[in-house]
Amino acid sequence: MYLILLGPPGSGKGTQAERLCKELNLPHVASGDLFRDHLKRETELGVLAQNYMDKGHLVPDDVTIGMVKERLSRSDCRGGTILDGFPRTLAQAEALDSIFQELGQQLTGVLFIAVPDDVLIERLSGRRICRNCQTSFHILFSPPRELQTCDLCGGELYQRDDDQPDTIRARIKVYHKQTAPLIKYYQATDLLHEVDGNIDIDRVTDTLITVIGSLGP
Ligand code: ADP
Ligand code: ADP
Ligand code: ZN
């Protein structure tokens with residue numbers, strides 16, 4: 001099962017991917033997490049990506065595609081995967097089609113999580129992430145038991161540098177311009193399934209599981 005979670009920043013892709021991966025026993029491939037891992041290790045790719053991420057812009061397609069292709073080629077993705085945050089441009093979507101073809105894999109479905117812009121700003125400003133396992137919390141909507149500690153692994157929670165008002169606005173703009181066209185791209189192949197992401201976290205998960213259950217092989 002190869003699934004894409006598509007949606008604006010803050011729509012809940014990371015939160016839902018985490019849950020779906022557990023439920024379906026699939027690896028979670030999140031391009032943002034891959035970039036942040038490079039950044040932490042101070043690799044050449046990480047240093048390059050940081051300039052774009054800090055501004056809320058997209059990292060160039062060639063670099064991003066290369067990184068995700070390498071990840072999808074690893075053996076743990078042979079039985080399927082949940083892609084979160086990739087593709088984000090038409091060029092990436094086209095490249096992904098070729099990658100799947102090369103690897104003999106087939107896209108099962110694209111789950112588009114719809115959330116209005118004003119809600120996104122609220123969500124991203126209150127987001128806290130675990131430094132250790134990358135789980136997302138929200139100070140109001142999904143609060144950790146202890147303010148600075150991950151419920152799952154005890155790791156330290158932090159606020160991402162790009163979860164500041166100016167950068168949030170830039171990211172939402174970039175989403176509408178560069179990523180939203182993917183909705184039509186996947187509608188054209190009948191792979192797109194829209195779900196309402198503006199309801200509570202558990203209900204979004206239930207809806208997604210129902211939709212996934214209805215997808216063909
Ligand atoms: P969010 O979950 O808030 O949407 P991500 O963690 O997915 O954010 O991405 C953080 C940043 O990493 C993006 O703003 C962008 O700079 C970079 N990035 C992540 N995925 C991609 C991608 N597919 N193409 C280009 N840049 C990306
Ligand atoms: P994305 O990966 O799409 O950028 P996240 O999964 O990181 O989004 O969610 C963004 C923020 O919103 C997090 O703080 C998360 O806890 C919170 N959140 C996610 N889904 C919901 C929801 N359905 N209702 C309220 N808050 C949510
Ligand atoms: Zn954790």
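This is a predicted model: local features need pLDDT of at least 70, side-chain atom pairs count only at pLDDT 80 or more; totals for chains, interfaces and linings use all residues.
Before anything else, one definition: a residue counts as exposed when its relative accessible area is over 50%, as buried when that area is under 20%, and as partly exposed in between.

Is Asn25 buried or exposed? Its relative accessibility is 68%, and the cut-off for exposed is over 50%, so Asn25 counts as exposed. You can find Asn25 in the loop between α1 and β2, where β2 covers residues 28–30. There is something else to notice here: the phi angle of Asn25 is near 55°, a positive value in a residue that is not glycine. Why point that out? Because most residues other than glycine have a negative phi.

Asp190 gives us a second case. Its phi is near 65°, again positive in a residue other than glycine. Asp190 sits in the loop between α8 (181–187) and β8 (192–196), and with a relative accessible area of 67% it is exposed.

While we are on the backbone, please turn to Phe86 and Pro87. The peptide bond that joins them is cis, with omega at about 0°. Pro87 belongs to the loop between β3 (81–84) and α5 (90–103). As a reminder, most peptide bonds are trans.

Now the metal. Which residues hold the zinc ion, ligand 3? They are Cys130, Cys133, Cys150 and Cys153, each using its SG atom, at 2.3 Å. The angles among the four donor atoms run from 98 to 115°, and the site is tetrahedral. If you follow the donor residues of the zinc ion along the sequence, their spacing reads C-x2-C-x16-C-x2-C. Cys130 is in strand β5 (residues 127–130), while Cys150 is in the loop between β6 (136–138) and β7 (157–158), so this pair ties together parts that are 20 residues apart in sequence. Both Cys130 and Cys150 are buried.

How many residues surround ligand 1? There are 19, and the closest are Ser31, His57, Arg88, Gln92 and Arg171. His57 places a backbone N or O atom 2.6 Å from an oxygen atom of ligand 1. Gly85 also uses a backbone N or O atom, which lies 2.9 Å from a nitrogen atom of ligand 1. With Gln92, an N or O atom of the side chain is 2.9 Å from a nitrogen atom of ligand 1. On its own, ligand 1 would expose 560 Å², and the protein buries 96% of that. Which helix gives the most to the shell around ligand 1? That is α2 (residues 31–41), with four residues. Sorted by class, the shell around ligand 1 has six nonpolar, six polar and seven charged residues.

Ligand 2 has 20 residues around it, and those that come nearest are Gly10, Thr15, Arg127, Phe137 and Ile199. Phe137 contributes a backbone N or O atom, 2.7 Å from an oxygen atom of ligand 2. Taken alone, ligand 2 exposes 560 Å², of which the protein buries 93%. The elements giving two or more residues to this shell are α1 (13–24), β6 and α9 (201–213). Its residues divide into seven nonpolar, nine polar and four charged.

Leu72 is part of helix α4 (residues 61–72). Its relative accessible area is 1%, and the limit for buried is under 20%, so Leu72 is buried. Leu72 and Val29 are 43 residues apart in sequence, yet 8.0 Å apart in space from C-alpha to C-alpha.

The other pair is Arg169 and Ile121. Arg169 is in helix α7 (residues 165–179), and at 47% relative accessible area it is partly exposed. Along the chain Arg169 and Ile121 are 48 residues apart, and 7.7 Å separates their C-alpha atoms.

Methods:
Residues are numbered from 1 along each chain as its sequence is written. Chains are lettered from A and ligands numbered from 1 in the order in which they are written. Side-chain values use heavy atoms; hydrogens and water are left out. Donors are N, O and S atoms within 2.8 Å of the metal (3.2 Å for Na, K and Ca); water is not among the atoms, so sites may look incomplete. Four donors count as tetrahedral if all angles lie between 85 and 135 degrees; four count as square planar and six as octahedral if opposite donors are over 155 degrees apart and all others between 65 and 115; anything else is irregular. Buried means under 20% relative accessible area, exposed over 50%, partly exposed in between (1.4 Å probe, protein chains only). A residue is near a molecule or strand if one of its heavy atoms lies within 4 Å of it. A polar contact is a pair of N or O atoms within 3.5 Å; within protein, one must be able to donate a hydrogen and the other to accept it, and residues adjacent in sequence count only if both atoms are side-chain atoms. Accessible areas come from the Shrake-Rupley method with a 1.4 Å probe; for residues, only the protein chains shown count as cover. Ala, Val, Leu, Ile, Met, Phe, Trp, Tyr, Cys and Pro count as nonpolar, Asp, Glu, Lys and Arg as charged, and the others, Gly among them, as polar.
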